[in-house]
Amino acid sequence: MLNNLMLLSMFLLSVSIVISLYRVIRGPSMPDRILALDSIGYSVIGIVAVLCILLDTHAYLETILLIGILAFLSTIALCKFIERGVVIERERDH
């Protein structure tokens, strides 16, 4: 019974990734696309976590941390780019 629920949750997370991909492609604005990419990252984290439970292993927990860090940093970088036009600001001596 638990395996069936885990498989169902992986299926529903996959469906949410497909819906988010649609929003990335057809999003009306750039912030909508950024939020959809962030949602895809967290759905992938959920799929990997369910996979860890199904396989009864801790091998993929570092992958969850890595995906979470990359999703957070990419969201910050894209928001900074939208707001200021650059991601890394440099001071120039004139």
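This is a predicted model: local features need pLDDT of at least 70, side-chain atom pairs count only at pLDDT 80 or more; totals for chains, interfaces and linings use all residues.
1. Let's start with helix 1, which covers residues 2-26. This helix has 25 residues and reaches 36 Å from its first C-alpha to its last. That span is close to the 36 Å expected at 1.5 Å a residue.

2. Which residues of helix 1 are buried? They are Met6, Met10, Ile17, Ser20 and Val24. As for their partner, the buried residues of helix 1 pack against helix 2.

3. Ser20 deserves a paragraph of its own. This serine lies in helix 1, and its relative accessible area is 9%. Because buried means under 20% relative accessible area, Ser20 counts as buried. If you set aside its neighbours within four places in sequence, Ser20 is in contact with Ala36, Ser39 and Ile40.

4. Is Phe11 buried or exposed? Phe11, which has its place in helix 1, is exposed, with a relative accessible area of 52%. The cut-off for exposed is over 50%. Ser14 also lies in helix 1, and at 33% relative accessibility this serine counts as partly exposed.

5. Phe11 and Ile40 are 29 residues apart in sequence, and their C-alpha atoms are 14 Å apart in space. For Ser14 and Asp32, the separation is 18 residues in sequence and 19 Å in space, again from C-alpha to C-alpha.

6. Now for how helix 1 and helix 2 sit against each other. Helix 1 (residues 2-26) and helix 2 (residues 30-55) pack at an angle of about 165 degrees, and their axes are 9 Å apart. Angles over 145 degrees count as roughly antiparallel, and the two helices are therefore roughly antiparallel to each other. Helix 1 passes helix 2 in a left-handed crossing. Sorted by class, the contact of helix 1 with helix 2 has 17 nonpolar, eight polar and four charged residues.

7. Helix 2 itself has 26 residues and reaches 38 Å from its first C-alpha to its last. Here too the span is close to what is expected at 1.5 Å a residue, namely 38 Å. Just after helix 2, you will find Asp56 with a positive phi of about 55 degrees.

8. The last pairing is helix 2 with helix 3. These helices pack at an angle of about 175 degrees, with their axes 9 Å apart, and are therefore roughly antiparallel to each other. From helix 2, the contact includes Met30, Pro31, Leu37, Val44 and Ala49. Helix 3 contributes Leu61, Ile64, Ile67, Gly68, Ala71, Thr75, Leu78, Cys79 and Ile82. By class, the residues of the contact of helix 2 with helix 3 divide into 16 nonpolar, three polar and one charged.

How values were computed. Residues are numbered from 1 along each chain as its sequence is written. Side-chain values use heavy atoms; hydrogens and water are left out. Axes are lines fitted to C-alpha atoms, for helices over the stretch in contact, and angles run from 0 to 180 degrees between N-to-C directions. Helices (H or I, at least four residues) and strands (E, at least two) are DSSP runs, numbered from the N terminus. Angles under 35 degrees count as roughly parallel, over 145 as roughly antiparallel, 65 to 115 as roughly perpendicular and the rest as oblique. A crossing is left-handed if the near helix is turned anticlockwise from the far one by less than a right angle, and right-handed if clockwise. Ala, Val, Leu, Ile, Met, Phe, Trp, Tyr, Cys and Pro count as nonpolar, Asp, Glu, Lys and Arg as charged, and the others, Gly among them, as polar. The expected span of a helix is 1.5 Å times one less than its number of residues. Buried means under 20% relative accessible area, exposed over 50%, partly exposed in between (1.4 Å probe, protein chains only). Contact means heavy atoms within 4.5 Å.
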